Amino acid sequence: MKSSMKRASAQIPCGLKIAGRPEHFVDTAAEPETVASAPERIPLLKARLLKSKGDRVNIGTPLYEDKQNTDIVFAAPGAGEIQDIVYGPRRVIREIVIRLDKEQSTEDFTPYPADKLAGITPGALTEILLKGGVWPLIRDIVYRGVADPGQSPAAIWIAATNQDPFHPPPDTWLQSPRDKRFFQTGIKALEILCSSVFVCCAKDTSLGDEQIENRVTHRVSGGYPFDDPAVVHYHAKTRPEDNHAWFASGQDVRLLGEFLETGRFPVRRTVAVSGKSVNGRYLHTRLGAPLGLLADPGENPGCRWIAGGLFRGYSSGPDFHLGLYETAVGLITESAKREMLGFMRPGWNKPTCSRTFLSVFNPRPLPVDADMHGSRRACVNCGNCTRACPVDILPQFTYKCIRAGEIEEALSHGMLDCVECGLCSYVCPSKIELCQTFQETKQAYFRQRI
Amino acid sequence: MGWIEKNLRKIFDAPRKHFESGGRLEKLGPLFEAIEDVFFFPAEATKNRPLVRDSLDLKRFMSSVLVALIPPLLFGIYNTGYHSRLASEMATAFMPSFTTGLGIVLPIILVSYAVGLFWELLFAAIRKHPISEGFLVTGLLFPLTLPPTIPLWQVAAGITFGVVIGKEVFGGTGRNLFNPALTARAFVFFAYPAQMSGNAVWVAVKEKAAGAVDAVTGPTPLAVTELQAPFNNIQEMLTDQGYTFSTLFWGQYPGTIGGTSAFCSLLGAGLLILLGIASYRTILAAVAGLLATGFLLNLAASPDTLPWFSVSPFYHLVAGGFAFGAAYMATDPVTAPGTDRAKWIYGFLIGSLTVLIRVVNPAFPEGVMLAILFMNMFAPLLEYTEIRLRVKKRIPHV
């Protein structure tokens, strides 16, 4: 594993100038009436409920567990009564909604401040994190689901930044000395689990504290998705043994630290709110807060609510709650209207990674919408996906392998290196769902292997 | 604009129900959809991640190629008209020449589009998929590679072969091994040699002034060798026939409709590279391959070799259809390799083979069509080899 790195940039510099970046202003959101936990949004998880509708829970009470590994439990992000359990297609558990009590009671665990951590073995720490329900904050770098506590990773990556438009920069969640202490404790805890802990951070992003700045091992340029831990890991690994790694987002590391220092399940989240006709800013709120509380588009129907960044996020709505890993809410226009002679327009305002629109000369950030901008066609082998891929996969060929049932071949192409950044699907002129296919195939491969 | 849009909308909305599934004209659905999509860009919400998508689609992609084809098309129309009027001993001012040329070229293009579209539609209806925009390019590329005297029925036969055998039997757009426009041209070239080669096909005489000749004959630049050129003298000979380097570069000589002017192809290639639609790798490599092979053959030239051995490689660059082929045909993404290094090899060999066919094979004065088709066949192999090399470099999982 290369222990530091400067390089990494895209062939298609998708230097997407997307309009709607939140102003650098941090506010505190109103107290929500409900919070929820969304097992559906955790990759590869098959959840088994431990509580049922009407039960009362405290912050940190186990709500559900992983069927494949019952040691992994997921804690309630709020204290109150379970108001509803929302199911999706094929009975997948979409949300467990908790109506919050006025008084928020919490489960108490033994605190382990930084100085007490030193003597703890990796096994014991794993146990502590599992019991506290904070283990799911540590994720597997290949499948992006919860890390398997039974394995030992080659490295743990901490992603201080997330440039998927738009996420809170580190100085919004590393404000007070307390935040910084928690973050440092979180890093220390991960260092017990694995000797190689790396912190990656986008170039030119301040972490607000020299001590924390010194923790950064990998500074990366190139914009989204080059600061993604899986991308940095791909460029840093040197041998097959390095493949197996874990990662956690910076905010989640802070939560791990808070859990260890206080002995209580941490619920604070800093969320970026951005997009059309909303007050773009950063908000301190709770884990699993409802989207409608964070963003208010006013009299503006026909909006697409996106939980998470524009590329990695999923479609949601004002009544739904943020998933465990989501720290952004975006609102964009649902879909463009059918524009007359649309494909012939000069396109001064059309966001694109190609050079076929006049917008290449437009220095301003451009508005995006949730429209396909074209219809599905056959692959013409144009190679845009290959140029966009941050991990040197040849998506058009890997996709064809998958469609032909040649999974071994797709694996040799590096399918498991796919970081699911979505850029291949984004740039495809034939609007082929490359990223979706890779993600589904990876997950099917995982399920078949166990 | 708003008024036009509203009324146009009405024109499409009224008959829509007949074309939808269950309607009387359900089979023509792809045609209706294709036409409507041209006027009103489709708007469809994203369902899967990522929830935002690039503004570039295949319609824009392919119409960029059409835009790049405008210079050779306009010049070809003018050039065809010019030589037609010259042969008829009529005035050769720009506008009349252009009009005459339009009269000759337009029917060829219309037949190519109409017949080709018929096959596209037939396969789209049977296979239940939308009509692919790639056809817009094929339907225009093919006529531009033909001599202006081509009988219209041969245009129809050619585009039929190109679309059906060149593309649809392989499974349609994206799966074809050979460039459909070149397949169509190759079919016409081998099936009807009398109308596609020789010295009498390059000037279309439509109107005759009194006393004009019945048919105009003259060798094309690449066929000049048939006049038994002496060793080391071929450039002089070309010049004697009126084919100076600059004539060949600007393209004002009788030949295929769109392929004579290297300058126009250069413009088109430049635009395609700027827009990022065509790969500069393929084009540069083809030029490099042509020049390198040309120089090598120069070195081998002696009084015993064929006369074209001694021609300057730069003549190869501007003569015949090389510029047109390298700019528009070799860069067809479907039939070219999709990986970068393979594109260099692919392009280089196209250039190299073009010269070899021209120089050492007297049966074919023009080589670029065969060179590209030949390399089309090897594109998957080149691609495969590069993928293997790239896979080897990866750190394997498992």
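Residues are numbered from 1 along each chain as its sequence is written, while chains are lettered from A and ligands numbered from 1 in the order in which they are written. In this predicted model, local features need pLDDT of at least 70 and side-chain atom pairs count only at pLDDT 80 or more, whereas totals for chains, interfaces and linings use all residues.

**View 1. Overall form of chain A.** Chain A has 13 helices and 18 strands; helices (H or I, at least four residues) and strands (E, at least two) are DSSP runs, numbered from the N terminus. Its radius of gyration is 22 Å, close to the 22 Å that the globule rule gives for 450 residues, so chain A is as compact as a globular protein of that length. The radius of gyration is taken over C-alpha atoms, and the globule rule is 2.2 Å times the number of residues to the power 0.38. Taken along the principal axes, the C-alpha atoms of chain A fill a box of roughly 65 × 55 × 45 Å.

**View 2. The two domains of chain A.** Chain A is divided into domain 1 (1-30 + 118-334 + 364-370) and domain 2 (372-450), with bounds that come from an automatic or database domain assignment. The centres of domain 1 and domain 2 of chain A, taken over C-alpha atoms, are separated by 24 Å. In chain A, 15 residues of domain 1 are in contact with 17 residues of domain 2; two residues are in contact if their C-beta atoms, placed from the backbone, lie within 7 Å. The side of domain 1 of chain A that touches domain 2 of chain A has eleven nonpolar, one polar and three charged residues. In this classification, Ala, Val, Leu, Ile, Met, Phe, Trp, Tyr, Cys and Pro count as nonpolar, Asp, Glu, Lys and Arg as charged, and the others, Gly among them, as polar.

**View 3. Backbone details in loops of chain A.** The peptide bond from Pro165(A) to Phe166(A) is cis, with omega near -10 degrees. Phe166(A) is placed in the loop between strand 10 (155-159) and helix 3 (170-173) of chain A. A cis peptide bond also runs from Tyr224(A) to Pro225(A), with omega near 0 degrees, and Pro225(A) is found in the loop between strand 12 (218-220) and helix 6 (229-236) of chain A. Arg90(A), although not a glycine, has a positive phi of about 55 degrees; this residue, Arg90(A), is in the loop between strand 7 (80-87) and strand 8 (93-100) of chain A.

**View 4. The contact of chain A with chain B.** This contact takes 64 residues from chain A and 47 residues from chain B. Among the elements that give two or more residues to the side of chain A that touches chain B are strand 16 (303-307), strand 17 (314-316) and helix 12 (423-427) of chain A. Helix 12 of chain A provides the largest share of that side, three residues. By class, the side of chain A that touches chain B has 28 nonpolar, 22 polar and 14 charged residues.

**View 5. The two domains of chain B.** Chain B has 18 helices and zero strands, and is divided into domain 1 (58-196) and domain 2 (221-254 + 261-390). The C-alpha centres of domain 1 and domain 2 of chain B lie 21 Å apart. Each of these domains of chain B gives 24 residues to the contact. On the side of domain 1 of chain B that touches domain 2 of chain B, the elements that give two or more residues are helix 4, helix 5 (70-87) and helix 9 (180-191) of chain B. The largest share of that side, six residues, comes from helix 5 of chain B.

**View 6. Helix 4 and helix 7 of chain B.** Helix 4 (residues 58-68) and helix 7 (residues 134-144) of chain B pack at an angle of about 20 degrees, with their axes 8 Å apart. Axes are lines fitted to C-alpha atoms, for helices over the stretch in contact, and angles run from 0 to 180 degrees between N-to-C directions. Helix 4 and helix 7 of chain B are therefore roughly parallel to each other, a term for angles under 35 degrees. Met62(B), Ser63(B), Val65(B) and Leu66(B) in helix 4 of chain B meet Gly134(B), Leu136(B), Val137(B) and Leu140(B) in helix 7 of chain B. By class, this contact of helix 4 with helix 7 of chain B has six nonpolar, two polar and no charged residues.

Methods
Parallel < 35°, antiparallel > 145°, perpendicular 65-115°, else oblique.
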